[in-house]
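Trainee: I would like to learn how to read a model like this one. Where do we begin?

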Amino acid sequence: MTLTGSGPAHDPPAHTPRRAGAPVPARTRVYGPERRLDRRVALVTGASSGIGAATARRFAMDGWQLLLNGRDRYRLERTAAGTSAVVLPADLAAPDGPRLLARSALHTTGRVDVLVAGAGIRWTGPFAAMPHTDIDRVLTLDLNATLHLVREVLPTMIAAGRGRVVLLGARAGAGEEAVYRAAQAGLAAFAGALREELRGTGVGVTFVVPGPVDTASRTHRAGLLTPGEVAATIFDAVRRHRDEAHVAPPAESRARALGPGLYRRLRDRFG
Ligand SMILES: NC(=O)c1ccc[n+]([C@@H]2O[C@H](COP(=O)([O-])OP(=O)(O)OC[C@H]3O[C@@H](n4cnc5c(N)ncnc54)[C@H](OP(=O)(O)O)[C@@H]3O)[C@@H](O)[C@H]2O)c1
């Protein structure tokens, strides 16, 4: 059984000078070109790795002002390199983490136009053997922290009459990830309900569902999506104000074309 993306099995990376612990006020540092507050602002969590890092780079390429969150400052700085991104390290699983991050973000730029909630951890193994603490860790970060962060940034989006929240889901399929899947199902329900609630406010909710992606939270194997492919889908969905976006690995798209039997077998195998 494995916990990936966070926790004892993952953090701290070797180059991390200190382990993130109790909530600390996020500190800011600016990189590269001068920050311009007339630009659109995206707050990206999970920006130190995988999908979040690739998404941050994609938005930066289009001239957005980026606010980057994760716990690992060194890896956030790597994502920020060459851009005007501001790094806001904070532990979102800490009780006050989402509130402190939102406060730092709004203090830095005055507004958040798009929130991409890319922070997440995954626990794999039989549920009957899953430690209770890990049940809490997965639900706390993947579900609760995301909802609290959205709750913190939403009022300023509604007041501005514009904005977009991007949530990441995962497809049902692969086994031994019951709690991770439960969190994802919760996010899907939340995205749909919140979208309806926000109709007419100018604020939208995009739910992005990638197939398996080659990131720290997956064992590396052939045929997975790249984080860049998912980032491109997220960027396009934001640009087009899409409610939902699905992205499948290239092999799966080819299998779909070959017929439903092979497609189902691949999905059952890879999730
Ligand atoms: N990979 C896939 O196949 C896949 C498929 C569908 C959906 N997704 C979803 O996409 C999202 C990103 O997945 P990924 O594969 O890109 O993950 P990843 O590479 O493991 O990255 C996880 C990110 O979450 C951050 N994080 C972990 N614990 C945190 C905490 N307590 N506070 C703040 N940040 C924290 C990590 O930053 P630090 O280590 O610096 O804290 C890292 O930036 C997840 O929600 C996942 O469920 C992934």
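Mentor: With the shell around the ligand, sorted by class. This is a predicted model. The shell divides into 14 nonpolar, 15 polar and six charged residues.

Trainee: Which residues come nearest to the ligand?

Mentor: Ser48, Ser49, Arg71, Tyr180 and Thr215 come nearest, out of 35 residues around the ligand.

Trainee: How much of the ligand does the protein bury?

Mentor: Compare with the ligand taken alone. Alone, the ligand exposes 890 Å², and the protein buries 98% of that.

Trainee: Next, cavities. How many reach 30 Å³ or more?

Mentor: The count is one. The largest cavity has a volume of about 40 Å³.

Trainee: Which residues line the largest cavity?

Mentor: Read the lining by residue, then by element, then by class. The residues are Thr45, Leu92, Ala117, Ala119, Leu141, Ala145, Thr146 and Leu149. Helix 4, residues 132-160, gives the largest share of the lining, four residues. By class, the lining has six nonpolar residues, two polar and no charged ones.

Trainee: And salt bridges?

Mentor: Side chains of opposite charge can pair when their charged atoms come close. Here the count comes to 15 salt bridges. In one of them, aspartate 62 meets arginine 40, at 3.3 Å from N to O.

Trainee: Where in the chain do aspartate 62 and arginine 40 sit?

Mentor: Aspartate 62 is in the loop between helix 1 and strand 3 (65-69). Arginine 40 is in the loop between strand 1 (2-4) and strand 2 (41-45). The two are 22 residues apart, and the pair links distant parts of the chain.

Terms used
Residues numbered from 1 in each chain as written. Predicted model: local features only at pLDDT ≥ 70, side-chain atom pairs only at ≥ 80, totals over all residues. Heavy atoms only, no water. Near = heavy atom within 4 Å. Areas by Shrake-Rupley, 256 points an atom, 1.4 Å probe, with all protein chains shown as cover. Nonpolar A, V, L, I, M, F, W, Y, C, P; charged D, E, K, R; others polar. 1 Å grid on protein atoms, 1.4 Å probe; cavity = no way out; pocket = protein on both sides within 12 Å on 5 of 7 lines; lining within 4 Å. Points joined across faces, edges and corners; volume = space filled by probe spheres on them. Salt bridge = Lys/Arg side-chain N within 4 Å of Asp/Glu carboxyl O.
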